[in-house]
Structure formats: structure tokens, C-alpha cells
Amino acid sequence: MTHPYARELGDFLRARRSRLRPRDVGLEPGGRRKVTGLRREELALLAGLSTDYYQRMEQGREVRPSDDVLDALAGALCLGEEERRHLFTLAHAARRPMPARMKRDPERVPDSTRRLLRVMDTPAVVLGRHLDLLDWNLMAEALLGAPDAYPPDRLNMLLLMFDDTMTGERTCPDWERQALDYIGMMRAAVATDPTHPRATAIVGELSIRSAEFRRLWAQHDVRESVSGTKTFRVPEVGDIVLDWDTYPLPGSPGPVMLVFTAELGSADADRLQLLASMHATRSAHR
């Protein structure tokens, strides 16, 4: 049986190799090329490895690269710091025997975090390590819609982003960038536990029903923590542009708080407050 971390390591190496062009690393392109990106033998040469050894790494076969080999591969692949850490995480895990049964405690949101959500005057949610929506505040409900309208097992940011009934959201210019951010966070989670049943279920379902997801997942992007800007198209008040940041919960390596904010005194802040007031009025009349 192939070690799951070795398989994930091989997939990551192959994806990164396919992104490089010969001119990116100072090589002559030569004649017609049958592969996208560098050939295996070219990358092995750049990293100072034998082609056979590197090929076995990509195939997820029993290899245990040293840190020196990993350093050489990171340099040859022109990896950024986050990608380099991801490479080392996968390779170090692949060196160890897989435990017969991994301990997987259910994810819980501390009561203090729930109280914090309720008093925050800006949209905020808590996401599990596999992007399950664990809790949210009323401001988030006003902005994103009522999460409790979905079955609990569908309350997942990736499943919602690729929901076929919400394809209108994909007209937003930043939709693919945000999808890649969430996919990158899922990749980081998979790196810590490739056989987790929740990750397997989500990735498996989306791989079957979404060609878009398959294309983006195959890029093997990884994000450890994320921040960015998103435009929300809200018919009642107009477009709202918000910054968003993720904050790990103290004492827990999994869940994070995702917080949306607008610049104080800006038109976006005014629209957000108006939206919240409208939502509160509707809720009071239910």
C-alpha cells in the first residue's frame, strides 16, 4: 500500500515541476517537448539527484529524502517559503510509519469564542480545519445568508463555493482567486492528515462533479493562513468591498476565525451597517 504522505508528496512535486519552463531555470528549451514544464531528468539534474531516485519520489514509492535533498528540490523548483514548508511537512511525514489509527477529536468552538462572535460588530465565522462552518454571528448571516438553511454536512465553504445552484457567484471577478485560497487551506489540512474521512469526502465529491474544482485542485496550491479582499454583490445595498483575514483559535491547531472588515468611515462600512440593520429588522418580524 502506498504511503498516503508519499503519494501527496509525489503529486505536489509533479504539479510544481509542470509549472516550470526551461527558460525559468536557465535551460535551453530545445526541440518539441512532449511534457508541460520541465522533464523529470531536467529537474533531477538541477537538484543533483539521479533521475531514477526523483522518479520514485514522484511515483510515491518508498523513498525517504534527507533535508539536504529537500533543500535542493525546493531550490530547483523555485518554491516560495510557504511551499517549501509544505514540501518539508509532507516529506517528514512520509518518513514515519503511518499509525494504525489516528486520533481525530471532533472540532469544537470554545464558549469564549462563541461569546466573542456575538459581540463583534463585523461579519465573522469560525471554520474547521476542512473549512466546515462551525459558527457565525448575525453580521455574517446578514452578509452571507442564513447558514442554517443548509443541512449540517453541507455547511462547508468549498461545497458552497462549488454549489451548482449558486453559479451566479462565479461572475464575480475574484471568485477563482478566493476559490484558490480556500483550496489552498484545504491542501494545508490534507498535508497534516491525507486520509481524514472528512477531507476525503469533500475532495472526492467535488472532484467527481466539478471540472472547475478538479482543475484548481490539481494546481497543488497551499495556504497556511489567508487574507484578502472580496466584493460582495448585495442587491439591497449595492456592492460591498471587504477585507478578510483568518485568525487561528488559541490552543487549537485546526479551526480558525474568518473576519470581514471595512475601512472605518468608508462607503463600504456604511453599506455593511445598512445591510445589518435591514437583516435585524427582518429577523424581528419573523
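**Aromatic rings and their neighbours**

Modeller: This is a predicted model. In it, the charged end of Lys230 sits over the ring of Phe232, at 5.2 Å from the ring centre.

Colleague: How far from the centre of the Trp217 ring is the charged end of Arg187?

Modeller: A charge counts as over a ring if it is within 6 Å of the ring centre and within 35 degrees of the ring normal. The charged end of Arg187 sits over the ring of Trp217, and its distance from the centre is 3.7 Å.

Colleague: How many aromatic pairs are there?

Modeller: Ring centres must lie within 6.5 Å for a pair. By this rule, the number of aromatic pairs is five.

Colleague: Is the pair of Phe162 and Trp175 stacked or edge-to-face?

Modeller: The centres of Phe162 and Trp175 are 5.3 Å apart, and their planes make an angle of 75°. Planes over 60 degrees apart count as edge-to-face. The pair of Phe162 and Trp175 is therefore edge-to-face.

Colleague: How many residues apart are Phe162 and Trp175?

Modeller: Phe162 lies in the loop between helix H8 and helix H9, while Trp175 belongs to helix H9. The pair links distant parts of the chain, and the separation is 13 residues.

Colleague: Is Trp175 buried or exposed?

Modeller: The relative accessibility of Trp175 is 6%. A residue under 20% counts as buried, so Trp175 is buried.

Colleague: Which residues form one aromatic cluster?

Modeller: One cluster of aromatic residues is formed by Phe162, Trp175, Phe213 and Trp217.

Methods: Residues are numbered from 1 along each chain as its sequence is written. This is a predicted model: local features need pLDDT of at least 70, side-chain atom pairs count only at pLDDT 80 or more; totals for chains, interfaces and linings use all residues. Side-chain values use heavy atoms; hydrogens and water are left out. Rings of Phe, Tyr and Trp (its six-membered ring) pair if their centres lie within 6.5 Å; planes under 30 degrees apart count as stacked, over 60 as edge-to-face and the rest as tilted. Helices (H or I, at least four residues) and strands (E, at least two) are DSSP runs, numbered from the N terminus. Buried means under 20% relative accessible area, exposed over 50%, partly exposed in between (1.4 Å probe, protein chains only).
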